[in-house]
Amino acid sequence: MPATVSRRGFLKALVLAWAGAAAGLDSLKESLRSVLIPAGTTLHVRPPAHSVGRKAR
Amino acid sequence: MIEDADIRLSRRRFLGLMGATAAFAAGCSRPDRGAIVPFNKRPEGVTPGLADFYASTFQEGLTAYGVLVRIREGRPLHLQGNDEHPGFRGKTSPRAIADVLRLYDPDRLRRPIVDGRPSDWARAEARILPALKAARKPVLLLSGALLSPTRRALVEDLRKALPGGLVHAAWEPACGESEAQASRACFGDERRSRLRLDRAEVVVSLETDLLAGERTEEIAGFASKRAPAGPEGPMNRLYAFEGAMSLTGANSDHRTPWKPSRAAALAFALARALHRKGVPLPSGVDAAALAPFDLDALAREQGASASLLHGLVDDLKRAGRAALVAAGPALPPQAHAACHLLNAMLGAEGRTVDAAFAPPGEALAGLQDLRGLLRSAAAGKFAAAVFWQANFGYASADPELWKSAAAGLPLKVRIGLHADETAQACEAALPEHHWLEAWGDFEPASDLLCLQQPAVGPLYDTRQGEEILLGFARALSKDAHALPADYREYLQRRWRREVYPAGSLVPFESFWQASLHDGVLRRRAAPRPPRRLDGRAVNAAAAAALAVPPPPGFELLLSPGAGVYDGRYANNGWLQELPDPVTKLTWGNAAALSPSDAQRLRLQDGDVVRLEAGGRSAEIPVVVQPGQAPGVLSAALGYGRRSGSVASGVGVDLYPLLGAASVSLTPTGAREALPFAQRHHSLEGRDAARSLSLSEYAESRRKGRPERPLARLYPPQRFPARKWAMAVDLSACVGCGACVVACQSENNVPVVGPERVLKGREMHWMRIDRYYAGPPERPRVLLQPMLCQHCDDAPCESVCPVNATNHDSEGLNQMAYNRCVGTRYCSNNCPYKVRRFNFFEYAAQTREPAGLAFNPEVTVRPRGVMEKCTFCVQRIQEAKAAARAAGRPLREGDVEPACAAACPAGAIVFGDLRDPSSRVSKLALSDRGYRVLEELGIRPSVTYLADLTNPAGPEERRGA
């Protein structure tokens, strides 16, 4: 049986779906970054082991 | 208007529409730039927002620079000299400062490449090690200069491990070979002496750029003798004889255009004239061998002043041990031998030419040696070859020989940072660490060791070059366990064995930590006695100098590029855009011609010519260079690279002409636009850059400083706490460009590229203006660093319609980038032309990971705003915070802008003008002090101290 949707409801759902998808995918991508980005990319900047630094002067 | 009426929609269609919407929205979402990453696991010892410093060492050719690496949140951001280093004393070369950008070069190799395909270390080893194990012939290892005792030990270990043996040669295309040849002939070894310009009163430079940017120690020594307290001196005197205009010539008191082929003759003629004035010859040197060299005849031949040359002889005799004569790498060994003779006659050997603590010289391969090795490789005499550091595929000077050598080698391995010309010819390209990720040690003097330590963990799946070789040695050695897997361990073991003092009360671990902390280790070593000159070698050199026929065509002088050096930095945008200190050309090279030659051949800047020598040719645009010796053509090496997204195709590769003494020149009729950073070369009689001889200085002091009453349009400003100001001593400044690069690194100054430099849109906040005065054949050169003058009554401020540029209570002329709407009125009204408009969002065009080089303390400017020097306001704020935290007032020396911190000559002084005891206050009142365009009444905060020259006798030059 075909569902009956009001035009306002339809537009609301459309906007919500758009916003939700945009936000959701962005955060999904963010959370997957550590998995998706291969090792050795620049996000892994880290201090060196065994080096000796000086404090800020 | 949409009516709230029901619409009929099937469930399937509704869901379909929703799905399509979600997909569309996902497609439209802002692409993630990955700019913000939480530092959620804070490593021990790292305080976000506070910089740490790591002492390390940067090697270039035969020089090891002690550096301090400034690190923020794990990222190396800025390099400066290591203040613990006794030679460099906190200063370093412009190329060393800029090399932090190479760490973040997007073109770096990120994983091994085997047979042209991205691979991994296991596959690379599987490809290489069986071939090395099975080798019955020697393996060829071609590297750059080692300069490190531990690296040398490693090469020996590798030699022992390889079944067929190892042939190692170190080659540095930019270092030349004649100096070592002359040293070997005259003293029996290749030790390189330190040139102590800080001890020299009379300096004679023969085609050598003693004051080029990388000569940090020499610049500091020279500058220490250039800024006397008064006109009575003391001040050194520099004579330059050169074919191409160099910074040394530009800063000299007497510069004479001189053909390089006659430089040796000049040095021998000076020796003869000195001998005739009673200075004895060293034993074994035959006076008759010098007899054919006549100073007057040479002066006539080169169009030089004979009285100047005789005056020089008197000066040298008077200075004695405090004289210094030096020849450049482009000159033949006999010119170097003649300089050794002069220094020995004057007693300068051991004083201004100091080899007392020179480490054992490193035998570098010459061009002929390299060709010989490549011929052997082509003949199949090696089982494999490893190319490390130097880019042989690009710089080997013989492309056909390189190709045949590559064909004759069954296995070629490249260890390097990039997939460069050499890597393209190799079966395996192994990515190595940048030096900021690596361990190492260097021995610049027998009483000094420098340590290199990583300042950041490896960014990619790379290994240290030494570690790769160590891996080979371990895999091939019968006693693999004797060698550690890790180069740090290898280094530490050698230090424990050979450097750590036996019987020391300090445990090795503390000794090691302290050495790493300081970056340098001073050791006790006995000075070597002064070297004894072999008279026979000098006699032979004199005979050889006499036999040199005048070369046909143009004499060719090739020198490393000021920014790109031998080509290794050609992918560094900062160095490509750093103007050549003399020609002011960016992004490429050009052949410099004398004005008379250009007139004769009807050539002007940008006309393309074909240079030919020995069956090889290159087409290059010319630049008409005032002061160039007629008949001499000079150009920079290191351009015309065939790989690298920045380097590729910029400039012309002149390596094929390397080794040619002369070239023929044919105009092609083509023209090329040259991206000069400065297009006007004359002061047009104005006195923006002032220069005085010592006698003129005395005269001006006698007359007193003229009072110029200046009208002002605005009420005087008040600076209740302090007033920041700067002083620039033009007499100390040599124009090396360290300040320009340091400013670029500190302040996130963008690179704009050659097309925009051509439009005059370069973005440097600091530039060095170079002016010529006098006849173009023998011009005087004036160099003047120019930056925002932070005027009290700044003309830029009064025209800004949105008040984006204004004055703060400490005298800084500041920019509110957010407020700027880009009218550019301020730039139009700035008499110094130091405001830079950001036409494009240059920072957004940065390819990752180059953005990691950005200083987080400085705003990255968007498109459409004006930017300029801030006096490094971020450093001022940092110093204030540190002083507040320590509960003390701000002190002199707490704030040092990047330019002042980098200046090897100490020419830039920054401080508080309200503090009468500060250096800057004293310099502001100096009788040499003046403010550029002071007459406009805008009250600039930068005081320039007039350049001083110390000319001799009748040749005295007139001040501007």
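Me: Which residue forms a salt bridge with E218(B), and how far apart are the closest N and O atoms?
Reply: Start with the general idea. Side chains of opposite charge can pair when their charged atoms come close. The cut-off here is a side-chain nitrogen of Lys or Arg within 4 Å of a carboxyl oxygen of Asp or Glu. E218(B) pairs with R215(B), and the closest N and O atoms are 3.3 Å apart. Salt bridges that share partners also join R371(B), D398(B), E400(B) and R616(B) into one network.

Me: What should I know before I read on?
Reply: This is a predicted model, where local features need pLDDT of at least 70, side-chain atom pairs count only at pLDDT 80 or more, and totals for chains, interfaces and linings use all residues. Residues are numbered from 1 along each chain as its sequence is written, chains are lettered from A and ligands numbered from 1 in the order in which they are written, and side-chain values use heavy atoms, leaving out hydrogens and water.

Me: Is E218(B) buried or exposed?
Reply: Buried means under 20% relative accessible area, exposed means over 50%, and partly exposed is in between (1.4 Å probe, protein chains only). E218(B) has 12% relative accessibility, so it counts as buried.

Me: Which residues of helix α7 of chain B are buried?
Reply: Helices (H or I, at least four residues) and strands (E, at least two) are DSSP runs, numbered from the N terminus. In α7(B), the buried residues are T216(B), E218(B), I219(B), G221(B), F222(B) and A223(B). That is six of the eight residues in 216-223, so the helix is largely enclosed by the rest of the structure. They pack against β3 (63-72), β9 (194-195) and β11 (237-242) of chain B; contact means heavy atoms within 4.5 Å.

Me: How many salt bridges are there over all chains?
Reply: The count is 63. One of them joins R152(B) and E362(B), at 3.5 Å from N to O. R152(B) lies in helix α5 and E362(B) in the loop between β14 and α14 of chain B, so the pair ties together parts that are 210 residues apart in sequence. E362(B) is buried at 15%, while R152(B) is partly exposed at 29%.

Me: What is the strand order in the open sheet of three strands?
Reply: Strands of a sheet pair through backbone hydrogen bonds, either parallel or antiparallel. Two strands pair if DSSP finds at least two bridges between them. The order is β18-β19-β20 in chain B, with antiparallel pairing. β18 (440-445) and β20 (520-522) stand at the edges with a single partner strand each, so one side of each is left without a neighbour in the sheet. The twist averages 20° from one strand to the next. β18(B) and β19 (448-452) pair over four bridges, and A445(B) stands opposite L448(B).

Me: Which helix lies across β18, β19 and β20 of chain B?
Reply: Helix α19 (487-499) does, at about 40° to β18(B). Axes are lines fitted to C-alpha atoms, for helices over the stretch in contact, and angles run from 0 to 180 degrees between N-to-C directions. Helix α20 (508-518) lies across β19 and β20, at about 115° to β20(B).
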